[in-house]
Amino acid sequence: MDKPLAELATYFQSKSRLPDQALVQLTETARAAGSRWDDIAAACGVKTYQDLASVVDRTTGETGADLLF
């Protein structure tokens, strides 16, 4: 797992609030390193909107990848 993806996953695992800009930056860096949306969702443990509740504000989508995208 690359460093940006690991850092992103840490926020989700600890349920720590992640500022929007940090979410965008870490996600963009992980995507640029070759991580697919499905990979990012799996690493962060995002399957439902409830998995996002304490970390980010957006809570719409059908799959973990949709929720993060």
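View 1. Helices here (H or I, at least four residues) are DSSP runs, numbered from the N terminus. This is a predicted model, where local features need pLDDT of at least 70 and side-chain atom pairs count only at pLDDT 80 or more, while totals for chains, interfaces and linings use all residues. Residues are numbered from 1 along each chain as its sequence is written, and side-chain values use heavy atoms, with hydrogens and water left out.

View 2. Helix 2 has 13 residues and reaches 18 Å from its first C-alpha to its last, close to the 18 Å expected at 1.5 Å a residue (the expected span is 1.5 Å times one less than the number of residues). Its buried residues are Leu23, Leu26, Thr27 and Ala30; buried means under 20% relative accessible area and exposed over 50%, with partly exposed in between (1.4 Å probe, protein chains only). Looking down the axis of helix 2, these buried residues fall within an arc of 95°, so they line one face of the helix; the arc is that of the directions from the helix axis to the C-beta atoms. Turned away from the buried side are the exposed residues Gln21, Gln25, Glu28 and Ala32. Helix 1 and helix 3 are among what covers the buried residues of helix 2.

View 3. Threonine 27 sits in helix 2 and is buried, with a relative accessible area of 11%. Skip its neighbours within four places in sequence, and threonine 27 is in contact (heavy atoms within 4.5 Å) with Leu8, Trp37 and Ile40.

View 4. Helix 1 buries Pro4, Leu5, Leu8, Ala9 and Phe12. Seen down the axis of helix 1, those buried residues fall within an arc of 130°, so they line one face of the helix. The exposed residues Lys3 and Gln13 are on the face turned away from them. After helix 1 comes lysine 15, with a positive phi near 60°.

**View 5. The largest nonpolar core.** This core has 14 residues, and Leu5, Leu8, Phe12, Leu18, Ile40, Cys44 and Val46 have the most contacts inside it. A nonpolar core is a set of buried Ala, Val, Leu, Ile, Met, Phe, Trp, Tyr and Cys residues joined through side-chain atoms within 4.5 Å. Helix 1 (3-14), helix 2 (20-32) and helix 3 (37-44) each supply at least two residues of this core, and helix 3 gives the most, with five.
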